[in-house]
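Hi,

Here is the structure for your files. My notes follow below it.

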Amino acid sequence: LTFQTEDGKDIKLSAGVITILFYLERIDLMLSRFEKDKCNILLFDEIELYLHPNWQKRILKIILDFIKEIGLSKKLHIIITSHSPFILSDLPKENVIFLENGKQVDVDINPFGANIHTLLSHGFFMKDGLMGEFAKSKIDDVIKYLNNDKKSTITTDKDAQNIIDIIGEPIIKRELQRMLKNKMELSNKTEIDTIKDEIKLLTERLEKLEPKDDK
């Protein structure tokens, strides 16, 4: 969608901006139809759809400021469903109903102004971590290799190092690098000991095979 300014310039609007404008237009229309003495309801189902996280952070304030700006004189109840921690962080606990598998549950967290990672872990029941499943599977594969687990698809130290090199979480990266270094050192030591044993055996065989000088 392209929007033309007063001076004739064309501005291409993003999907997020179009969504916000649609919300405001719908709100303005619905408020004009609401009855003054009744409790009117505005429902936003998955309000964060098509919105960049930066817009998700701002959408609730934009809507409330817009309603305030147009001078609401009617009773209004706003209901929002969302999977966005940014939306959740704008709501006090007493205004939030947490659902897990379609059932209401009690969550020991006040989402208002809370840390996004905390909201994801507790508010959205992500008990198995916040890392993408593909990245998690690759890191798990490296750990299996470093622990000599035969189920690992990694077969060389170089392959393990290639995955470690692209890990963005510094603590995990540092620990895996330490484990790989220890494995390589142990492998080198084992190889050196093996070579020494082979040299010893060959030396003994050579001594047996060499003709002895007659005295």
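Tyr50 sits in the loop between β3 and α2 (helices, H or I, of at least four residues and strands, E, of at least two are DSSP runs, numbered from the N terminus). Its phi is positive, about 70 degrees, although Tyr50 is not a glycine. Tyr50 is exposed, at 65% relative accessible area (exposed is over 50%, buried under 20%, partly exposed in between; 1.4 Å probe, protein chains only).

Asn148 also has a positive phi, near 60 degrees, and is not a glycine. Asn148 lies in the loop between α5 (133-146) and α6 (157-165). With 57% relative accessibility, Asn148 is exposed.

This is a predicted model: local features need pLDDT of at least 70, side-chain atom pairs count only at pLDDT 80 or more, and totals for chains, interfaces and linings use all residues. Numbering runs from 1 along each chain as its sequence is written, and side-chain values use heavy atoms, leaving out hydrogens and water.

Now the cores. The largest nonpolar core has 14 residues; Ile27, Leu42, Phe44, Ile47, Ile59, Ile63 and Ile67 have the most contacts inside it. (A nonpolar core is a set of buried Ala, Val, Leu, Ile, Met, Phe, Trp, Tyr and Cys residues joined through side-chain atoms within 4.5 Å.) α1 (15-33), β3 and α2 (53-69) each supply at least two residues of this core. α1 gives the most, with five. Apart from this core lies another, of 11 residues, including Val142, Ile154, Ile164 and Leu176.

Ile41 is in strand β3 (residues 40-45). Ile41 counts as partly exposed, at 49% relative accessibility.

Best wishes
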